[in-house]
Amino acid sequence: MVIRRALVTGATGGLGRTLVPLLVTAGYDVRATGRDVAIGATLGVPFVRADLVNDRLDGLVEGIDCIFHLAALSSQWGRPAAFEAANVAATRRLLAAARGACARRFVFTSTPSIYAASRDRLDLTERDPAAQPFANDYAATKYAAERIVLDACDGAMATVAIRPRAIVGPHDSVLLPRLMRAARSGRVRLPRGGTALIEITDARDVAAALIAADTMDAAVGKVFNIAGGQPRELRELLRIIFATMQRPLKIEHISTTAAMAAAGLVEGVARLLPGRPEPPLTRYMVKTLGWSQTFDLSAARQMLGWSPTYSPEVAIAHALGKEMADD
């Protein structure tokens, strides 16, 4: 049996901590890199701390067959230069190092945030255009990096990109924690009363899509939308989360117009404060939670041989450490 050697960047993030053990189970020889040395020590694979923007990367990729590039600055708020460095420059440098090391495949984790707009977008396919202008610097720089990755595809190194939507898992530090903080008081105001359709995606399903992107030749040079396949209203998802935790929740309505105006105001204040702290509400947040975004997964099913496995209920239970019987 030929053992495939993989590098996982961003391995100490929520998705990385799910992908690494699944790669090991699938028979990969895994090397990991990320920001958190303490978490890296718990992964059970060789861990190398590396700064993808500034460090030499030849040693990191030496002997590697496939790079799974998960590392990114994924905040909804920050300075444009920081996003450009972490998401674009780092990806370009890692691609060059991978090519120099004769890696055969480069799998990039992009984002469906490129679609975020002040309108519903249903049954999105990979052919649908990105929103213009982009909702924030994160979306803009991830799209730029995605284009760089796909343009690098050739006979020497195959490249693939995936756009996973609303990832939830036991190591999630973004979606579920943010929703829970917003409802800490037991009540939350949601644009349009939370009627926007959201497709949350179990981290294990996203990891399976990443592995398929390495193994399926039909995927080469392409980008794939990845989602849970079961759109639910945001208010329903919140009720599932809080029922699972046995906590009360009251949902209140706010118009998207009022929410966008409020977000613009607090963003303006945040820009004037020392350190430009992330505001509690942003226009990006309103766009992603106030308008529906659903996906046509035909391309992933046909060319990756991938379909989502886990329902929103099972994904949420798993993320909260309360496994369901059918998991």
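Biologist: Is phenylalanine 295 buried or exposed, and at what relative accessibility?

Modeller: The structure is a predicted model, and its accessibility values are computed from it. Buried means under 20% relative accessible area. Phenylalanine 295 therefore counts as buried, with a relative accessibility of 7%.

Biologist: How many aromatic pairs does a search of the whole structure find, and how are the planes of tyrosine 115 and phenylalanine 295 arranged?

Modeller: The search of the whole structure finds three aromatic pairs. In the pair of tyrosine 115 and phenylalanine 295, the ring centres are 6.0 Å apart and the planes stand at 55 degrees. Planes under 30 degrees apart count as stacked and those over 60 as edge-to-face. The pair is therefore tilted.

Biologist: How many residues apart in sequence are the parts that this pair ties together?

Modeller: Tyrosine 115 lies in the loop between β4 (105–109) and β5 (121–124), and it counts as buried at 0% relative accessibility. Phenylalanine 295 belongs to strand β14 (residues 293–295). The pair therefore ties together parts whose separation in sequence is 180 residues.

Biologist: What is the angle between the ring planes of phenylalanine 134 and tyrosine 143?

Modeller: Tyrosine 143 is partly exposed, with a relative accessible area of 24%. The centres of the rings of phenylalanine 134 and tyrosine 143 are 5.5 Å apart. This pair is tilted because its planes stand at 45 degrees.

Biologist: Which ring lies under the charged end of arginine 204?

Modeller: The charged end of arginine 204 is 3.8 Å from the centre of the ring over which it sits. That ring belongs to tyrosine 310.

Biologist: Are helices α9 and α10 roughly parallel or roughly antiparallel?

Modeller: Helix α9 (residues 256–272) and helix α10 (residues 283–290) pack with their axes 8 Å apart, at an angle of about 155 degrees. Angles over 145 degrees count as roughly antiparallel. The two helices are therefore roughly antiparallel.

Biologist: How many residues of the contact of α9 with α10 are charged?

Modeller: Among the residues making the contact are Glu267 and Arg271 of α9, and Arg283 and Lys287 of α10. The residues of the contact include four nonpolar and three polar ones. The number of charged residues is four.

Biologist: Which residues does alanine 207 contact, leaving aside its neighbours within four places in sequence?

Modeller: Alanine 207 lies in helix α7 (residues 203–215) and is buried, with a relative accessible area of 0%. Its C-alpha atom is separated by 9.8 Å from that of proline 21, 186 residues apart along the chain. Leaving aside neighbours within four places in sequence, alanine 207 is in contact with Leu15, Thr18, Leu19 and Leu22.

Technical notes: Residues are numbered from 1 along each chain as its sequence is written. This is a predicted model: local features need pLDDT of at least 70, side-chain atom pairs count only at pLDDT 80 or more; totals for chains, interfaces and linings use all residues. Side-chain values use heavy atoms; hydrogens and water are left out. Rings of Phe, Tyr and Trp (its six-membered ring) pair if their centres lie within 6.5 Å; planes under 30 degrees apart count as stacked, over 60 as edge-to-face and the rest as tilted. Helices (H or I, at least four residues) and strands (E, at least two) are DSSP runs, numbered from the N terminus. Buried means under 20% relative accessible area, exposed over 50%, partly exposed in between (1.4 Å probe, protein chains only). A charge sits over a ring if NZ of Lys or CZ of Arg is within 6 Å of the ring centre and within 35 degrees of the ring normal. Axes are lines fitted to C-alpha atoms, for helices over the stretch in contact, and angles run from 0 to 180 degrees between N-to-C directions. Angles under 35 degrees count as roughly parallel, over 145 as roughly antiparallel, 65 to 115 as roughly perpendicular and the rest as oblique. Contact means heavy atoms within 4.5 Å. Ala, Val, Leu, Ile, Met, Phe, Trp, Tyr, Cys and Pro count as nonpolar, Asp, Glu, Lys and Arg as charged, and the others, Gly among them, as polar.
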